[in-house]
Amino acid sequence: MSSAILSLPVQGMRCASCAGRIEKAVAGLPGVAAVTVNLSAERVLVTTGDKAGDRMPAAIVAAITAAGFTPVVVPKRLTLTGLRCAGCVGKVEKALRAVPGVIDVRISQATSTALINAADVSDDDLAAAVVAVGYGVAGPGEEAQPAAEQPVPARDPGLGEGGRAILALVLSAPLLLPMLGGPALPAWAQFVLGSAVQFGLGWPFYAGAWNALKHRTASMDVLVVLGTLAAWGLSGWMWLNAHPGHAPHLYYEAAAVIIAMLLLGRWLEARAKRKTGAAIEALMALRPQLARVRRGAGEITLPIAQLKRGDVVLVRPGEQVPVDGTILEGATHLDESMLTGESLPVAKGPGTAVTGGAMNLDGFIAVTTGALGAESTLSRIIRMVEEAGAAKAPVQRLVDKVSAVFVPVILVLSLLTLAGWLLAGAGVEVALINAVSVLVIACPCALGLATPTALMVGTGVAARAGILIRDAEALERARDIAVVAFDKTGTLTDGKPAMVAVQPVAGGDKDKLLRLAAALQAGSLHPLAAAIKDAMPGIAAAVDIRALPGLGVEGRAEGAALLLGNARLMTERGVDIRALEPVAQGLTAQGRTLSYLAADGVVLGLIAFGDRVKDTAPAAIARLKALGIRTIMLTGDNAGAAAATAATLGVDEVLADLLPQDKGEALARLRRGGRIVAMVGDGINDAPALAAADIGIAMGTGTDIAMRAAGVTLMRGDPSLVADAISVSRRTVAKIRQNLFWAFIYNLVGVPLAMAGLLNPMLAGAAMAASSVCVVGNALLLRGWRPSR
């Protein structure tokens with residue numbers, strides 16, 4: 001790109017020191033000529049040099065973010081028209097990147113959408129850039145809006161795609177009678193039918209070709225028009241110059257059938273491409289358009305767009321939850337399968353979070369509205385699936401290079417074919433027909449569709465299973481994962497303490513021990529208290545309860561003075577706990593937390609607490625091992641607790657007592673030798689490690705910070721989804737490579753055959769149309785993928 005100035009709004013700048021940090025971060029980027037920070041206007045002006053690449057704006061945004069500030073980048077979406085092949089995509093991308101303020105552009109040929117990140121750029125400016133290179137915009141993109149919220153492009157007027165294709169086939173059929181042993185139509189009848197197909201039904205190709213030539217570019221439509229017009233013109237020339245009494249050799253049928261087959265192929269391709277967005281459509285169908293809102297003593301029905309944060313929404317059994325929020329009243333079970341892939345209903349009660357789109361099964365609930373619009377979980381899922389489908393996998397770079405020169409190269413090869421056959425003495429007719437075959441057989445469409453269709457379908461089925469893949473690079477790299485490193489707490493374990501052992505003294509009563517402990521903890525909100533109350537619900541509270549910070553709690557119940565707390569509390573109060581010492585040492589070695597209970601100065605027993613391993617975790621580790629992947633647990637817990645958990649799970653290696661920065665260093669060591677390493681975590685402290693790994697995998701039950709740092713998000717806290725993510729990655733990448741193989745082979749074989757005169761133009765047209773349909777159809781086979789259960 002040439003020298004340019006990027007003006008970027010930035011939040012979080014407070015002083016000259018902030019400005020200095022930003023200047024230092026951005027000035028160090030290759031291609032940056034100058035950096036100016038305007039504190040009062042909260043803007044950063046960056047002048048790039050002539051050698052700055054297309055990715056320069058995105059690198060500037062990343063550098064400012066890494067320095068601890070927030071660039072104001074607005075996501076936009078355009079629905080494009082006129083895209084025919086990968087070359088079209090490249091031209092539009094280049095035009096949009098040239099608009100001042102555009103940070104990043106991703107275009108999906110499969111859905112004809114452009115996803116743009118920009119600063120201070122209007123939709124009109126973006127649309128103008130698209131129109132300037134010969135393409136159209138069906139409707140300006142709304143900020144951060146998913147596909148189903150956009151205006152639907154108008155269908156082809158009149159007959160429509162299918163009707164035009166069928167009519168073209170009907171009009172072309174009489175021209176093929178001689179090939180089927182029937183009589184040939186008179187030349188004038190062939191001219192009328194051929195011209196009707198060529199210039200009437202084939203007008204979309206002429207419109208596209210004229211648009212491309214008007215903007216000094218070449219597209220697939222140019223090849224089609226040149227090829228079919230040459231066949232049509234040759235037929236007219238031979239008819240007018242035929243000897244009296246001799247039937248001329250005409251090629252109106254070739255031109256007409258090529259047009260008909262291409263129209264049919266485009267129609268079938270469009271129908272297949274629409275299926276690639278089925279996952280997004282299914283997610284959008286989850287969102288109710290109206291919500292019942294409490295107003296005073298009554299209720300009113302409002303459109304979702306009119307809701308505000310804090311509104312209380314009422315949801316009856318059988319209705320969908322319209323918004324993200326927290327249950328204020330009531331209890332129920334929710335079906336979240338379309339959002340998380342979890343087939344079993346999930347129990348929900350007051351204080352628990354709910355997600356818009358879930359189905360309320362059996363209870364009335366009142367929900368306090370939280371995130372709305374583009375920030376809702378459902379919108380974020382849709383946006384992530386769309387962005388992943390529009391992103392370019394690393395393997396696509398070769399396709400882009402080929403597509404950029406494809407049409408000019410084919411035109412040159414066609415001219416060489418014409419010249420070669422003429423020099424060989426074959427005559428104008430043979431030379432022209434072979435040159436037409438070269439123009440018609442060439443198909444950059446299949447190349448352009450190979451990657452985005454597979455990405456769209458693959459990320460769509462993954463989202464349906466509760467696996468969100470942020471970009472194509474994460475999806476492609478996931479197939480090569482050699483090591484998976486897990487955080488422990490909240491990832492492989494439940495993340496909250498549970499009772500793991502209850503040990504009364506010799507001859508003691510276990511039920512009495514739990515009952516008295518529950519009485520002391522009846523009014524406490526401490527996590528250990530919750531674990532006891534879960535085991536003994538409904539116990540009446542003790543009296544004279546007093547918290548002892550750092551030690552435990554005391555009170556009276558069943559006529560006794562009770563103490564519940566750690567060993568230090570027992571020592572301070574003179575309670576002898578030596579009888580429990582052997583058991584306590586064993587539990588402590590496993591990293592358990594111990595609470596002793598004493599009544600009237602005599603110890604009754606101890607209760608051990610620990611973080612319980614998730615039920616699905618051992619099977620998840622076993623599945624990864626079966627795939628040949630090494631598993632490691634990274635944790636800040638002590639070595640005893642980590643070793644006990646590792647023994648239960650069967651992980652290959654344990655690294656304990658780690659600080660957040662230590663996890664990043666551990667991952668760097670694991671990556672040595674070129675191994676692809678994935679990190680799975682859920683907490684704020686895991687964000688550095690998720691970012692440091694080759695692929696970060698965040699539990700959707702964790703924090704937003706962790707999910708932003710990850711390339712893959714698991715919408716439910718099930719570690720077995722890690723193996724599913726790798727599985728869908730391998731299947732999707734395999735489809736991409738199959739598609740690219742056939743697209744390249746098709747052209748590598750077809751073009752030389754056409755140049756050699758071994759390919760009839762009609763067969764070439766049919767083969768070209770079929771190639772795109774086959775590529776999309778192969779990608780759609782991914783819809784059959786299912787996660788392991």
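Just after helix 26, Gly757 takes a positive phi of about 80°. Helix 26 itself covers residues 721-755, and its 35 residues reach 51 Å from first C-alpha to last, close to the expected 51 Å; the expected span is 1.5 Å times one less than the number of residues. Helices (H or I, at least four residues) and strands (E, at least two) are DSSP runs, numbered from the N terminus.

A quick word on the source: this is a predicted model, where local features need pLDDT of at least 70 and side-chain atom pairs count only at pLDDT 80 or more, while totals for chains, interfaces and linings use all residues. Residues are numbered from 1 along each chain as its sequence is written, and side-chain values use heavy atoms, with hydrogens and water left out.

Now for the strands, which pair if DSSP finds at least two bridges between them.

| Strands | Bridges | Residues between strands | Positive phi |
|---|---|---|---|
| Strand 21 (residues 543-548) and strand 22 (residues 552-557) | four | three | Gly550, near 80° |
| Strand 22 and strand 23 (residues 560-565) | six | two | Glu558, near 55° |

Strands 21 and 22 pair in the antiparallel sense, and strands 22 and 23 run antiparallel too. Across from Glu554 in strand 22 stands Arg546, while Ala557 sits opposite Ala560 in strand 23.

Then there's Gln521, part of helix 17 (residues 510-521). Gln521 is buried at 11% relative accessible area, where buried means under 20% (1.4 Å probe, protein chains only). Leaving aside residues up to four places away in sequence, Gln521 touches Ala529, Ile532, Lys533, Val553 and Leu564, contact meaning heavy atoms within 4.5 Å.

Key:
Buried < 20%, exposed > 50% of the residue type's maximum accessible area, 1.4 Å probe, protein only.
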